[in-house]
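Subject: Structure handover

Hi,

Here is the structure I promised to pass on. Please open it first, then read my notes below.

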Amino acid sequence: MDNNSARRASMILGGIMVAALLFSAIAPIFTQNAVQQLTPVATDAPTATLPAVVTDFSGIKFDQDYLHPSGLFSIAQPTGWIPGQQTTKADGVEITMNNGDLLSVIQVAIQINPAPIADINELDGLYTTATLNGSWSNYRRDPQTNLNYRETARVREENKLTIDFELQNNRQQVFVARQVAWWDTNWVYSIRVVTPNNQIELLKYLVDNLTPTFKPNRVFAGAPADWSAYFDPTNGSIIRFPSTWTLTDSAPGRPASIDSAGGTLRVQSQAASSPVDEASARSWVMSNVPSAAITSVNPATRATASGYSVAYTYTDSDSNPNSGLALLLNGENNTVYSANLRLFEANVDLNDDAAQVAHAEAMQILNSFQLLTGVNVPLPTATATLTLPPPSNTPEASATPTASNTPVPPTATNTEVPPTATPVPSNTPVPPTNTPEPPTSTSVPPTSTPKPTNTTAPTAEATSEATASS
């Protein structure tokens, strides 16, 4: 090998050795970075926080009432609790009110039992483990007990049953609840309140103040529970009607129309110069129903109000013979309340016993016409209207239509409120049905495995102590 070849080989070998040394020094840096990039950093799952404990209850008022759309009961609506799911069934009715800021739910129910309740033992027997577990199925199931709740206290009084519960939602937030139940004949009443477990004083405050405001309208006992009701908060008049009838026009203080395929009903109140008697009852029908011919007049009484029922026949605009019955009741200050039912059927005298049997539904409607007292349902808020200027090519604006020609939406008591959390219906015949979770005001992304919060669940002794102190 000549000198040039030896020199070239030595240079190549030296370059290889230098490259090897450099690689051995740099490689650990890349390896360390790769390991750091592949190793995930553990992040705690976010948890929902409970609202601050309420110590000042002066802002929670009970001076406005909620009337259930069925008309079967009213109860105070506490400040901050918004009506949600309204349930009306043949065997009972209920309402849930939600407070998203305080994570609280109020649930009020009437359940119509197949037979009268005899005593506290029968009432207590309705609330078994199975029925209670079904009513709490929106809550987290305990893997050890396989129940959706834990009962912490049950107190039986002479005619009232109080049950305390501990619950968890799917975020493992802990809640407490109290249910008060009592009965009247075959109507079972129930009030449930749910709050976070740090709001026990709020829980007791709500239960203690809500219970005295509950007013069942047993004047409607025996009529179908799943009927709707129209209530005018300006004068306290109420009437119930089947779901096949439709409220087509209404506004507080104005006549309301309720229609069906077989007839129409008009409800209103009017000022009179004197209480209605038989002569003025006849005159009222002749003035309000063109071409009416009086068939019969009978005295009528609804609760403490009295008046007359006037049966009549008339011919409609298409020359069809129809029938009607006008129920006129005297109110305070010479106010006349009227429920005028027209049937699209000829020669029906609804003052006649046989006709009343043949038209039982129509008579149930008229028999439900009442005056409710002591119910403070707020008037719906008036909606502002936009007045548009006249078109540029019109020299003068057209006359503004009168209020009587402007369609007005029904009152709030007849407008269904969309539920904020839909409860799962229960198949058990025990009130109340499935109680929804309180709505949360803190948005928390769901995780595959909920992480327990640092909130300590109350012990049975603590909850029982709260029950005893109440």
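**Aromatic rings**

The count comes to 10 aromatic pairs. Rings of Phe, Tyr and Trp (its six-membered ring) pair if their centres lie within 6.5 Å; planes under 30 degrees apart are stacked, over 60 edge-to-face, and the rest tilted. Take tryptophan 136 and tyrosine 139: their ring centres are 5.6 Å apart and their planes stand at 75°, so this pair is edge-to-face. Both tryptophan 136 and tyrosine 139 are buried (buried is under 20% relative accessible area, exposed over 50%, partly exposed in between, with a 1.4 Å probe and protein chains only). Ring pairs also join Phe73, Trp182, Tyr189 and Phe214 into a cluster.

The model is predicted: local features need pLDDT of at least 70, side-chain atom pairs count only at pLDDT 80 or more, and totals for chains, interfaces and linings use all residues. Residues are numbered from 1 along each chain as its sequence is written, and side-chain values use heavy atoms, leaving out hydrogens and water.

**Charges over rings**

A charge sits over a ring if NZ of Lys or CZ of Arg is within 6 Å of the ring centre and within 35 degrees of the ring normal. Arginine 192 lies over the face of tryptophan 136, 4.0 Å from the ring centre. Arginine 218 has its charged end over the ring of tryptophan 187, 4.9 Å from the centre.

**Isoleucine 112**

Isoleucine 112 is partly exposed, at 21% relative accessible area.

Best wishes
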